[in-house]
Amino acid sequence: MSRQRKQRSDKWKRNVAKDRHRPKGFPSIATCVHGQNGVFKCKELSMQDGTDSYHCSKTDSPSIRVSGRAKMPPLQGCGGCGPGYSSPLEAMKKGPREKLLYVVCVQPEPEITKRPDYLATVDVDPQSETYSQVIHRVYMTHVGDELHHSGWNICSSCHDDASKSRNKLVLPCLVSDRVYIVDTSEARQPKLHKVIETKEIHEFDVGTLHTTHCLASGEIMISTLGDKHGNAKGDFVLIDSETFKVKGVWTRDKLAKFGYDFWYQPYHDVMISSEWGVPKRFKRGFIPEDTSNPDMYGRSLNIFSWKDHRLVQTIDLGEEGIAPLEIRFLHDPKEAQGYVGCAVNSNVFRFVWSSIRTRRQRFTSDILLSLDDKFLYMSNWFHGDIRQYDITDRRHPKLVGQLFLGGLILKGGAVKVLLDEELKEQPEPVFVKRRRLNASPQMLQLSLDGKRLYVTSSMFSPWDKEFYPDVKQLGSWLLKIDVNTDEGGLTLDNNFLVDFGAEPEGPALAHEIRYPGGDCTSDIWLVKDEDN
């Protein structure tokens, strides 16, 4: 061993004398350095922005510098130590309580105000002086983008790769077809990192961007609902997670007729995508007669071979399955079953097969699963309720919690309910901090431990203004619901409200919610080799 390498080795031994968990295969060029600002641990092994330093909480070691930016191998001693968590249950049991939320905010009348959409950072730390407040805003560079869903550059599917770091939030646009990349290295004050312009997306004849998932390959995959002209076309665009260069489309050969959401389970060589409709039609607003036209609104699940990138089957859900939107596999990566919420007739299908069936038009607009796959949550954007189902018995879901938070059937409103087998009377209006809740619950996000459910009220700005016109003046809201994780049950926290109608530059429409460290809908887990 050279004198230089021996000195490095001795220095390592001195500085980690208390650490008996040095991972095997750690590169000999690694040398110990003191953590900046006294930081010696972090949640995962990840590269600090702008430095050559890595941290690993699993080894409880100081930060580690790798000379020449050498790529780190998977750390066997700590089970990977890459981004996220090794399993959904680890995330649920060991993940920290959320302290910040990233909330997408859309301008209700951009053509009038000429203001861009933005990403709001909300403080949800009960010990903070700014609890339940927007503490930072990242404004986009153009007007009229229609931010909608968001996702990460890297997630738990890359947990075995210690060179990866979850530090960029990906914001695709439903109307402009741009993609904004936001740097979240400073979690409380994220900043705009890059803009992928429309022409870079249109080069591959795709548009109307929706769901973002990260892949174990180090790529970002975004579902597309149409071609560049707004005609229906279900495909997926791939983006490099480091350079953010658009690489092309994912699907080979035959395409799905429509696109929307998707979820993949490589263990079973399967990806399933859902369907909305023809973009240039639904962007005009909700046209009821379009929903019965199979050339305007989708009603199928599209089954792909994950390894071959090919569409292998399309399953028609029929009239009860019009507009199958949000799709969720169970979080357990060995499970081959899940749920999809069909918006128009408010049915939720379990694929392997039918499950929760209601027959009234509640417009089920979002669903999610707790990380232990025990509870399914759904929002009904017309009726105004959030439901919690115990799905321990996958074939026989049990309703265990329900809250009405606005909607179209409130007592004293324009709609009079003549017959409803479940309701004894129409729901009363709800007030939080003296603000009457307008609009209706829509996007959901659950805390890692399953004890807190956050909800916003915006669906899609043209539809918001059609069904709930007062959003133009009142904006939307963010609420917190406390969850009984033992027997089920939902309780509104009357001390938590973020009023996006009181924003400094005018009302905004809040949509999807993300946590800095990942959440119940952002991460997909893979089966480890030793678990096969």
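Which residues form a disulfide, and how far apart are their sulfur atoms? In this predicted model, for which local features need pLDDT of at least 70, side-chain atom pairs count only at pLDDT 80 or more, and totals for chains, interfaces and linings use all residues, C155 and C214 form the bond, with their sulfur atoms 2.2 Å apart. Residues are numbered from 1 along each chain as its sequence is written, and side-chain values use heavy atoms, leaving out hydrogens and water.

The structure holds one disulfide (a pair of cysteine sulfur atoms within 2.5 Å). C155 lies in the loop between β8 (151–152) and β9 (168–172) and C214 in strand β12 (residues 207–214), so the pair ties together parts that are 59 residues apart in sequence; strands are DSSP runs of E, at least two residues, and helices runs of H or I, at least four, numbered from the N terminus. Both C155 and C214 are buried, that is, under 20% relative accessible area with a 1.4 Å probe and protein chains only.

The sulfur of C158 is 5.7 Å from the closest cysteine sulfur, in C214, which is too far for a bond.

| Buried residue | Relative accessibility |
|---|---|
| C158 | 2% |
| C342 | 0% |
| S457 | 2% |

S457 is placed in the loop between β30 (452–456) and α6 (461–467). A polar atom of the S457 side chain lies 3.2 Å from the backbone nitrogen of W477. Leaving aside neighbours within four places in sequence, S457 is in contact (heavy atoms within 4.5 Å) with residues including W381, A439, Q442 and W477.

Key
Buried < 20%, exposed > 50% of the residue type's maximum accessible area, 1.4 Å probe, protein only. Polar contact = N/O pair within 3.5 Å; in protein donor to acceptor, adjacent residues only side chain to side chain.
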